[in-house]
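Welcome, and thanks for taking a look at this one with me.

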Amino acid sequence: MKKISGGEILVRSLKKEGVEVIFGYPGGAVLPIYDALHDAEIRHILMRHEQAAAHAADGYARATGRPGVCMATSGPGATNLVTGIATAFMDSSPVVAITGQVPTAMIGRDSFQEADITGITLPITKHNYLVKDVRELARTVREAFYIATTGRPGPVLIDIPRDVSGGKAAYTDPGPVDLPGYKPVLDPDDAAVLAAAQLIAGARRPVIYAGGGVVISGAHEELRQLAELIMSPVTTTLMGIGGFPGNHPLSLGMLGMHGTRYANYAVCECDVLIAIGARFDDRVTGKVESFAPEAKIVHIDIDKAEFAKNVRVDVAVRGDVRRVLKRLLAVLKGAAHPAWLEKVDTWKKEYPLEFGENGLKPQFIIRELDRVTQGKARITTEVGQNQMWAAQFFTFTRPRSFISSGGLGTMGFGFPAALGVQVACPDETVFDIAGDGSIQMNIQELATAVSNDLPVNVAIMDNGFLGMVRQWQELFYKRRYSHTELYGPDFVKVAEAYGAEGIRVTEPVGVSAALEQAIASPKPVFIDFIIEREENVMPMVPPGESIDKMLG
Amino acid sequence: MVRHTLAVLVENNPGVLARVAGLFGRRGFNIESLAVGQTENPAVSRMTIVVEGDQRVLEQVVKQLRKLVEVLKVQDVTKEEHVDRELVLIKVNAEPAKRAEIIQIVEIFRAHIVDIGRKNLIVEVTGDEGKVNALENALKPFGIRELVRTGKVAMLRGAKEITASEGNSQEERSFPFER
Ligand SMILES: Cc1ncc(C[n+]2csc(CCOP(=O)(O)OP(=O)(O)O)c2C)c(N)n1
Ligand SMILES: [Mg+2]
């Protein structure tokens, strides 16, 4: 059989996995791979920073459910991926990261651009590989994609020394994967399903608490059916947004630190809490001892390690969320709790999400964005106040339409992620809801957007502050604004300098026109919204408090 | 705080020790002892890990261990009838005048003398913790110059086995409920 280079084997293997696009950045240790990419039928998007390559691959993965692929050279290229890999890990996103490595004979000698990237990424990957023999490359790629995309998804890194990518071997299809230590269990145990059904059937004040697992397993339809069958209100985590229609009468919006009052009150008073694909993060539970104090807890998740990790559990059902919900739907009967739903509705009427009228308010901008796009845009966010306002004031009705760094809270995620989303969804309107601080962390990607004709829109909530940190300083540090006031560049000029479009908006009247102009533009657009400088995200659970003790 | 002895079967790959040990460290677990070696199947290594810590945290660590792709099986042998042994070498001061006394102690413990120097002896002892500690205490008055232990290895008694060959060994079956 004809021998081909490791680089060519890699490209063939990637094609077999259905990879259409790689977000990458070249360098010495990946030269044989880039040589193979030169005439391959795989699109390569040249980013301006490897961190952005990882976020773009992540955005692509979150928008589609298919694995996103990023690539970097050894040493600094590989270490630049680290934040992106950790971001994907915390939010269970199927990213495959491919890094070059110094030749096998040079490993362990502090060679030029050598970094032990498999060691560095050990705690932030689902698994990783150092390929030592070109004949193992095809199998490794097959396994990497299998691990990244099955069970609880997560990033997998493949480190390829230069003599491996430059070596030669015949390509043979590695066949199906058989990993004795990795057999994801998708179907739930019958006894567990029945026990859960029994608890749920006895509920008088049920609440469903839905997380990112609902979106990942594609269980949004089953979740809606379940909620309607048992007439249970549904609150979602940040990652669960879009997993249940935000405009549904049973929707409570988000819970937790910046959740709605009515979601947090409902959780505090429910008698059965049905946690679905969620992991009881501290931003959700607040003070853990007083979280859902009266409730029996049913926990449905694919990852057994999540059960009883932070919070006691009464019934744990392990399996793919969608399969579990299908089984539950088959055994549960309809229920009604009119008094409970009435109580919840009273809270909803009494404590709606609100904001003031004066000046240019970020909440108003996001409501306008929702209105102008008829709720159909794909939204990514940065981190901080901008992220919370996006989660609170845009009504998400579709899964995979809200893409945000939840677990790691990575500033600089939203813009490159939006590029990945736009690549995956070329015909859709994509907005990054940004802060003036976060956008500066990957602002160089304007060049990527322009040169690849990716017409993403960035709505900068420009408050001249690291706003979320300033908010904490205001509330908990006597308004001592230590190093949170932020000088920023003229974002309009920056956009223009890169060949993108820039718009500045200072008054509420200009908002919708600017949004429409951005959507209509074939270019990437930065909109610099000069918002009220000291606007806060409310309501808010102070750190360490019970979630029903909210400010604002 | 409880003491646990875990048997962990892993694929015999480079780097797997770091993956396993790293998990303990990250969760604030101090590994008291760790012994690794090949099993009857050369593709599989077995680690015996002794840790002390909070029960809840330990449970989490065990679950996280089971998620590692190269980990084939994790079993807490503490809960079961088992045998555990450790091999210890002790270099002890042994002036000619004291040797008879030391040899007597060594015989009582069914330990062995494996090296004789001009001023010291090396004693080898195999046993469970109680025996090893008792011998160590008995030799202390002579002056222990150096001590090295292999770490504990453990095996279930009777017909029960911990092997990787029983299908999907990541699973503890019959486990629908948590606590
Ligand atoms: C990479 C990174 N560094 C620091 C932080 C801590 N942090 C959280 S929010 C925030 C402020 C973000 O400022 P900006 O992007 O302007 O958003 P705003 O809160 O003003 O909307 C900071 C510094 C972080 N989340 N990520
Ligand atoms: Mg800001």
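1. Gln374(A) is found in the loop between helix H15 (362-372) and strand E15 (378-381) of chain A; helices (H or I, at least four residues) and strands (E, at least two) are DSSP runs, numbered from the N terminus. The phi angle of Gln374(A) is near 50°, a positive value in a residue other than glycine. Gln374(A) is exposed, with a relative accessible area of 63%; buried means under 20% relative accessible area, exposed over 50%, and partly exposed in between (1.4 Å probe, protein chains only).

2. A word on what you are looking at. This is a predicted model, in which local features need pLDDT of at least 70 and side-chain atom pairs count only at pLDDT 80 or more, while totals for chains, interfaces and linings use all residues. Residues are numbered from 1 along each chain as its sequence is written, chains are lettered from A and ligands numbered from 1 in the order in which they are written, and side-chain values use heavy atoms, with hydrogens and water left out.

3. Ser92(A) also has a positive phi, about 50°, although it is not a glycine. You will find Ser92(A) in the loop between helix H4 (76-90) and strand E5 (95-101) of chain A. With a relative accessible area of 8%, Ser92(A) is buried.

4. Now for chain A as a whole. Chain A has 21 helices and 20 strands. A compact globule of 552 residues would have a radius of gyration near 24 Å, and the 24 Å of chain A agrees with that; the radius is taken over C-alpha atoms, and the globule rule is 2.2 Å times the number of residues to the power 0.38. The C-alpha atoms of chain A fill a box of roughly 75 × 60 × 40 Å along the principal axes. Buried residues make up 61% of the 552 residues in chain A.

5. Ser401(A) sits in the loop between helix H16 (385-393) and strand E16 (402-403) of chain A, and is buried at 2% relative accessible area. Leaving aside residues up to four places away in sequence, Ser401(A) touches Ala377(A), Arg378(A), Ile379(A) and Phe396(A).

6. The aromatic rings deserve a look. Over all chains, a search of the whole structure finds 15 aromatic pairs; rings of Phe, Tyr and Trp (its six-membered ring) pair if their centres lie within 6.5 Å, and planes under 30 degrees apart count as stacked, over 60 as edge-to-face and the rest as tilted. Tyr146(A) and Tyr182(A) form an edge-to-face pair, 5.8 Å centre to centre with 90° between the planes. This pair links distant parts of the chain, 36 residues apart: Tyr146(A) is in helix H6 (residues 137-149), and Tyr182(A) is in the loop between strand E8 (168-170) and helix H8 (190-201) of chain A. Tyr146(A) is partly exposed at 28% relative accessible area, whereas Tyr182(A) counts as buried at 9% relative accessibility.

7. Another pair joins Phe465(A) and Tyr481(A): the ring centres are 5.6 Å apart and the planes at 75°, so the pair is edge-to-face. Phe465(A) counts as buried at 4% relative accessibility, while Tyr481(A) is partly exposed, with a relative accessible area of 23%. Elsewhere, Tyr265(A), Trp340(A), Trp347(A) and Tyr351(A) form one aromatic cluster.

8. Gly467(A), in helix H19, is buried at 7% relative accessible area; Gly467(A) and Gly435(A) are 32 residues apart in sequence and 8.1 Å apart in space, C-alpha to C-alpha. The peptide bond from Met538(A) to Pro539(A) is cis, with omega near -5°, and Pro539(A) lies in the segment after strand E20 (525-530) of chain A.

9. Finally, do visit chain B. Chain B has four helices and nine strands, running β-α-β-β-α-β-β-α-β-β-α-β-β from the N terminus on. The C-alpha trace of chain B spans about 65 × 35 × 35 Å along its principal axes, and 45% of its 179 residues count as buried.

Notes:
Contact means heavy atoms within 4.5 Å.
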